[in-house]
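This report is a guided reading for someone who meets the structure here for the first time. Please keep the sequence and the 3D view at hand while reading.

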Amino acid sequence: MAFSLAGMASVIQRVSWKAGKPIWSLILILLLVLVYLPSIFGGYLIYDDPVLITENVILQQPGIETLKKILFDFSYKTRLTLGAEYLPVRDLTHWVELQLFGLNAQLMRINQLFVYGVAVLLFRSALLRALGVGIVAEVAAWAFAFHPVHPESVAWLAGRKDVLALFFVALALFLYAGKGRRVLLAVPLVLSAAVFSKSMSVAAVALLPAMDL
């Protein structure tokens with residue numbers, strides 16, 4: 001957990017940009033960790049966790065053949081085993097975790113919270129880039145970070161697709177708000193990663209003109 005917090009602190013310095021004092025980002029993350037701390041000590045839930053992780057015969061296998069199945073195998077059997085969806089980004093993260101941590105639910109939960117924390121920082125920085133440093137952007141960012149709609153996705157390992165999609169959408173908004181020509185080229189790629197994390201992320205394209213407005 002200390003490693004993850006150190007990683008968060010490093011990310012804070014990178015994504016805060018010129019968005020006010022980094023101390024507010026640090027406070028936001030520390031409070032976020034405090035709120036979600038009880039969930040870290042939980043295990044797997046019977047809803048989808050066994051199907052997607054603990055009893056998934058594909059994701060528990062190491063080697064290049066597993067990667068091929070995740071990325072390129074569209075057969076009925078493989079897709080059904082992987083949750084009846086083509087979400088390779090989500091499946092790859094679970095596969096890497098299983099190779100690194102085994103079936104250690106606590107380390108997976110810490111990792112999931114880490115991804116959510118970085119996503120929140122990116123979303124805050126995107127708002128500050130678009131609206132400027134001020135109370136409106138800060139209130140929106142903090143309200144979003146602690147909104148009661150998020151705990152299910154953050155504290156439930158089968159909700160990984162939601163957290164990953166949020167991360168990539170927030171990154172796309174952050175890049176788009178910068179308006180650098182080279183950076184804008186990366187926005188479609190980042191949004192594609194969001195779609196391959198959760199298919200409903202295709203609707204996130206509508207957020208770009210919304211930011212312009």
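## Helix α6 and its neighbours

Helix α6 crosses α7 in a right-handed sense, where right-handed means that the near helix is turned clockwise from the far one by less than a right angle, and left-handed that it is turned anticlockwise. Their axes lie 10 Å apart and the packing angle is about 135°, with α7 covering residues 105–131; axes here are lines fitted to C-alpha atoms, for helices over the stretch in contact, and angles run from 0 to 180 degrees between N-to-C directions. The helices α6 and α7 are therefore oblique to each other, since angles under 35 degrees count as roughly parallel, over 145 as roughly antiparallel, 65 to 115 as roughly perpendicular and the rest as oblique.

The crossing of α6 past α10 is right-handed.

## Basis of the model and overall make-up

This is a predicted model, in which local features need pLDDT of at least 70 and side-chain atom pairs count only at pLDDT 80 or more, while totals for chains, interfaces and linings use all residues. Residues are numbered from 1 along each chain as its sequence is written, and side-chain values use heavy atoms, with hydrogens and water left out.

The protein chain has 13 helices and 0 strands, where helices (H or I, at least four residues) and strands (E, at least two) are DSSP runs numbered from the N terminus. Of the 213 residues in the chain, 43% are buried; buried means under 20% relative accessible area, exposed over 50%, and partly exposed in between, with a 1.4 Å probe and protein chains only.

A network of salt bridges links E85, R90, D91 and K161. Within it, R90 meets E85 at 3.6 Å, N to O, and R90 also forms a salt bridge with D91, where the closest N and O atoms are 2.9 Å apart. R90 counts as buried because its relative accessibility is 1%, whereas E85, at 25%, counts as partly exposed. D91 is buried, as is R90.

W24 belongs to helix α2, which covers residues 22–40, and its relative accessibility of 44% makes it partly exposed.

The C-alpha atom of W24 is separated by 9.4 Å from that of E138, although the two are 114 residues apart along the chain. E138 sits in helix α8 (residues 135–145) and is buried, with a relative accessible area of 17%. Another such pair is M211 and A177, which are 34 residues apart along the chain and have C-alpha atoms separated by 7.6 Å. M211 is part of helix α13 (residues 207–212) and, at 22% relative accessibility, is partly exposed.

## Two loop residues with positive phi

Which values of phi are found at D48 and A84? D48, a residue other than glycine, has a positive phi near 75°, and it is placed in the loop between α2 and α3 (49–54). With a relative accessible area of 40%, D48 is partly exposed.

A84 is not a glycine either, and its phi is positive at about 60°. The loop that holds A84 runs between α5 (76–81) and α6, and A84 is exposed, with a relative accessible area of 54%.

Conventions: Salt bridge = Lys/Arg side-chain N within 4 Å of Asp/Glu carboxyl O.
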